[in-house]
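Subject: Handover of a structure for your review

Dear colleague,

Please find below the structure that I am handing over to you. I would be grateful if you would look through it alongside the notes that follow.

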Amino acid sequence: MEIFGIPWPLMLSQLLLGLVNGSFYAMMSLGLAVIFGLLNIINFAHGALFMMGAFFAWMGLNYFGINYWAALIIVPIVVGVFGILIERSMLRWLYKLDHLYGLLLTFGITLLLEGVFRSFYGVSGQPYQVPALLSGATDVGSLMLPNYRAWVVVASLTVCFATWFVIERTKIGSYLRAGTENPKMVEAFGINVPLMVTLTYGFGVALAAFAGVLAAPIMQVSSLMGSNLIIVVFAVVVIGGMGSIMGSILTGLGLGVIEGFTRVFYPELSATVVFILMGVVLLIRPAGLFGKEK
Amino acid sequence: MTTAAEPKSIVEKERKMGIALEIRNLQAWYGESYILQDMNITVNQGEVVTLLGRNGSGRTTTLRAIMGLTGARKGSIRIGGVESINLPTYKIAHLGVGYCPEERAIFSSLTTEENLLLPPSVSKTDKGMSVKEIYDMFPNLAERKASQGTRLSGGEQQMLAVARILRTGAKLLLLDEISEGLAPVIVQALSRMIVTLKAKGYTIVMVEQNFRFAAPLADRFYVVEHGQVVETFAASELDSKMPVLSELLGV
């Protein structure tokens with residue numbers, strides 16, 4: 001079976017690859033959106049914290065014998081606590097200033113973190129084994145479905161939609177939504193907004209670290225893996241529009257898939273298609289597809 | 001300025017005297033601008049007090065300063081006898097204060113009911129009104145509880161903004177221009193509500209431009225000008241004070 005002269009299995013495998021990349025875009029841009037909403041900080045360090053997540057998983061396995069499944073839980077907590085320290089010690093002085101200061105500070109943190117890992121491990125990637133339970137592939141008829149990649153899509157979508165549910169449908173989420181709109185008023189109701197801000201940053205960072213652990217067996221674990229990803233993720237955020245939870249999830253997934261199909265039909269364009277779309281969206285809807293005009 | 005460690009006796013004394021709010025030599029800034037120059041206000045428990053004055057005289061800033069929402073503050077603000085000048089905003093609310101700002105601050109990302117349920121309880125002893133009591137008082141809000149908060153009419157948004165602080169057990173209410181821009185029938189409903197709240201023992205500080213709304217409700221009036229109190233009188237003195245008032249306010 002063929003579609004537009006492209007064999008069906010090739011199409012499916014590129015769709016899956018697109019979904020895998022899209023899952024990472026979704027998790028990363030979701031974290032950025034939540035952080036930007038409440039903290040007004042464009043967290044450039046998000047990519048470096050993703051890299052840190054992957055590296056901690058690798059270090060945990062090689063130095064302490066912490067397996068993949070344990071790392072999936074422990075690493076986001078550790079990196080999340082690291083994020084909380086960043087927020088408490090540095091970011092909180094910047095909330096009243098222009099976005100630019102937050103961007104510059106987190107860019108500096110990125111350079112520091114990448115520098116530290118590069119000086120210890122160089123720039124060449126470290127391999128991380130796919131966990132035994134998920135190695136191999138399943139025959140689904142027209143395609144051999146790699147188990148680990150399927151797991152990445154399922155796990156990240158579960159986390160994304162759980163996050164969406166908590167923010168949009170629960171009491172705690174209503175504090176976050178209200179705080180994003182008018183933090184001073186929420187505080188005047190007696191809610192400890194400074195604590196909420198700290199925990200939100202910790203959560204966003206933990207989400208990046210979780211994505212990092214998921215990525216370790218697929219991408220090479222290297223000090224630069226975050227910078228490669230974050231550039232695309234920022235384009236995703238611009239296309240989706242800052243501040244919308246569902247918007248960032250759908251845009252992330254959608255762009256991954258579009259990238260995948262571009263690789264099938266016109267491979268030369270696959271690395272730039274996201275940026276072309278970004279340009280088009282900026283011309284038509286400057287606030288992004290799901291963003292609100294201010 | 002008083003320090004955080006308060007002698008217990010003062011707190012108890014003021015409670016016994018029934019003082020809900022005591023503002024002494026309050027100064028407040030917004031960035032560089034010096035707004036409150038020397039505010040002195042005392043509100044007894046169960047009293048309804050109205051701050052009158054022209055636009056920009058510092059009445060709204062007084063309410064915001066009580067909540068810690070201005071820039072720097074100096075002086076003393078005792079709420080139920082507890083000094084709050086150095087407390088963060090969220091702790092001030094937990095002294096039993098409910099604040100309804102002039103701009104109403106209804107959240108557009110929350111439904112009417114989510115808006116109503118948002119403020120947490122701020123009193124250990126006082127339960128506040130139940131959701132049912134509030135819906136009985138404002139049937140419109142019950143009908144539209146699933147609507148986006150900002151889709152309500154201006155009057156309904158105002159009711160919601162007041163209603164949501166009645167649930168929390170706050171006994172000191174700071175109400176900023178609640179009658180502003182509303183149809184007469186809604187203004188009447190709000191004025192009945194103030195009477196009901198007063199009967200239930202709430203202490204209310206109102207900022208009002210609408211003198212005819214405020215006059216029959218308040219026990220006492222403060223006239224504010226250039227960030228200071230320039231005149232204060234009781235409701236019983238209202239008639240004799242009208243000449244002074246019309247000069248100060250142009251009413």
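How much area do chain B and chain A bury between them? The two chains bury about 1,700 Å² between them, and 62% of this lies on carbon and sulfur atoms. On the side of chain B, the residues that lose the most area to chain A are B:Y90, B:F107 and B:L118, which together make up 34% of what that side buries. Please bear in mind throughout that this is a predicted model.

**The interface**

In terms of contacts, 23 residues of chain B touch 18 residues of chain A. The count of residue pairs in polar contact between the two chains, both residues being at pLDDT 80 or more, is 7. Three elements of chain B each give two or more residues to the side that touches chain A: α3 (89–93), α4 (112–117) and α7 (154–166). Of the elements, α3(B) supplies the largest share, with 3 residues. By residue type, the side of chain B that touches chain A consists of 17 nonpolar, 4 polar and 2 charged residues.

The interface of chain B and chain A also holds 1 salt bridge. Which residues form a salt bridge? The partners are A:R177 and B:E114, and their closest N and O atoms are 2.9 Å apart.

**A hairpin in chain B**

Strand β9 (residues 220–225) and strand β10 (residues 228–234) of chain B run antiparallel and are joined by 6 bridges. B:E225 stands opposite B:Q228, a residue of β10(B). The hairpin has 2 residues between its strands, and B:H226 adopts a positive phi near 50°.

**Confidence in the model**

For the complex, the predictor gives an ipTM of 0.87 and a pTM of 0.88. Chain A has a mean pLDDT of 90, with 98% of its residues at 70 or more. Chain B averages 89, and 93% of its residues score at least 70.

Where in chain A is confidence lowest, and where is it highest? The lowest mean, 67, belongs to strand β1 (residues 2–3) of chain A, whereas helix α3 (residues 68–89) of chain A has the highest, at 96.

Yours sincerely,
A colleague

Methods
Residues are numbered from 1 along each chain as its sequence is written. Chains are lettered from A and ligands numbered from 1 in the order in which they are written. This is a predicted model: local features need pLDDT of at least 70, side-chain atom pairs count only at pLDDT 80 or more; totals for chains, interfaces and linings use all residues. Side-chain values use heavy atoms; hydrogens and water are left out. Contact means heavy atoms within 4.5 Å. Buried area is the accessible area (1.4 Å probe) that two parts lose on being put together, summed over both. A salt bridge is a side-chain nitrogen of Lys or Arg within 4 Å of a carboxyl oxygen of Asp or Glu. A polar contact is a pair of N or O atoms within 3.5 Å; within protein, one must be able to donate a hydrogen and the other to accept it, and residues adjacent in sequence count only if both atoms are side-chain atoms. Helices (H or I, at least four residues) and strands (E, at least two) are DSSP runs, numbered from the N terminus. Ala, Val, Leu, Ile, Met, Phe, Trp, Tyr, Cys and Pro count as nonpolar, Asp, Glu, Lys and Arg as charged, and the others, Gly among them, as polar. pLDDT is the predictor's confidence in each residue, from 0 to 100. Two strands pair if DSSP finds at least two bridges between them.
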